[in-house]
Amino acid sequence: IKKFRGSTTSVKSAKINMQPFSEVSIGNELMFNGANNYFEAAGHYKNAIKIDSAFFPAWAGLIRALSLYAFQGTNRSDTLLRREVQSQLNYVNSHFEDSWEKTEVMANYKYHVERKYEEAKELFLKVLQENPDAETSNYLLASISKRQLKLSLALKYMLRATKIRNTPSYMYNLAVIYDLRGGYDKAEAAYQSALSNGFNLAGYS
């Protein structure tokens with residue numbers, strides 16, 4: 001099986017046909033705007049894949065969207081959803097060369113679907129060795145550190161994530177970490193920032 005070169009192939013494909021890039025952009029926007037949009041975002045990533053199956057960002061977005069959808073709890077059979085995500089993961093493994101982006105996709109699956117947080121943590125740390133500005137890895141390392149009550153680490157990774165992309169959900173999580181550390185003024189400021197930029201707690205976890 002010929003393996004695509006991930007993001008390099010994706011850029012070349014995007015120059016030839018902007019449609020998959022546009023679909024991924026819409027999917028990304030939906031993902032960043034709240035937890036209730038994951039399944040709709042997945043539809044746009046699937047559209048991009050239909051146009052260009054070698055467009056890696058579409059596969060990465062799709063796996064992340066459906067993994068988050070499973071993590072949130074859905075009306076679909078958990079078994080069917082797991083099988084769908086596992087099938088997509090198998091495709092990525094067999095069709096794309098190794099890269100930090102691919103490692104991040106695997107780590108997302110470990111975190112959201114299998115909920116194997118220590119294994120996910122090791123993969124996210126591996127990603128950051130190659131790319132310290134990998135957004136998802138910073139964000140989910142903050143989440144793992146928060147779970148483990150390693151709040152200084154959680155704050156470090158969350159601040160880095162918000163510098164990469166300042167989204168309402170990131171600011172909400174930053175507020176939670178500040179609150180756990182006793183930084184109530186900073187927590188309130190971050191929370192108000194999240195609210196003023198459209199954060200909706202309904203359906204969020």
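**Labels and their grounds**

Modeller: Let us begin with Phe21, which is found in helix α2, residues 19-32; helices here are DSSP runs of H or I with at least four residues, numbered from the N terminus. This is a predicted model, in which local features need pLDDT of at least 70 and side-chain atom pairs count only at pLDDT 80 or more, while totals for chains, interfaces and linings use all residues. Residues are numbered from 1 along each chain as its sequence is written, and side-chain values use heavy atoms, with hydrogens and water left out.

Biologist: Why is Phe21 called partly exposed?

Modeller: Buried means under 20% relative accessible area, exposed means over 50%, and partly exposed is in between, with a 1.4 Å probe and protein chains only. Phe21 has a relative accessible area of 41%, and therefore counts as partly exposed.

Biologist: And what makes Thr136 buried?

Modeller: Thr136, which lies in helix α8 (residues 135-147), has a relative accessible area of 8%, so it is buried. Leaving aside neighbours within four places in sequence, Thr136 is in contact with Arg64, Glu104 and Asn108, where contact means heavy atoms within 4.5 Å.

Biologist: Which class does Leu149 fall into, buried or exposed?

Modeller: Leu149 sits in the loop between α8 and α9 (151-164), and its relative accessible area is 63%, so Leu149 is exposed. Its phi is near 60 degrees, a positive value in a residue other than glycine.

Biologist: Why is α10 called roughly antiparallel to α11?

Modeller: Helix α11 (residues 184-196) and α10 pack at an angle of about 165 degrees, with their axes 8 Å apart; the axes are lines fitted to C-alpha atoms, for helices over the stretch in contact, and angles run from 0 to 180 degrees between N-to-C directions. Angles over 145 degrees count as roughly antiparallel, under 35 as roughly parallel, 65 to 115 as roughly perpendicular and the rest as oblique, and α10 is therefore roughly antiparallel to α11.

Key
Helix = DSSP H or I, 4+ residues; strand = E, 2+ residues; numbered from the N terminus.
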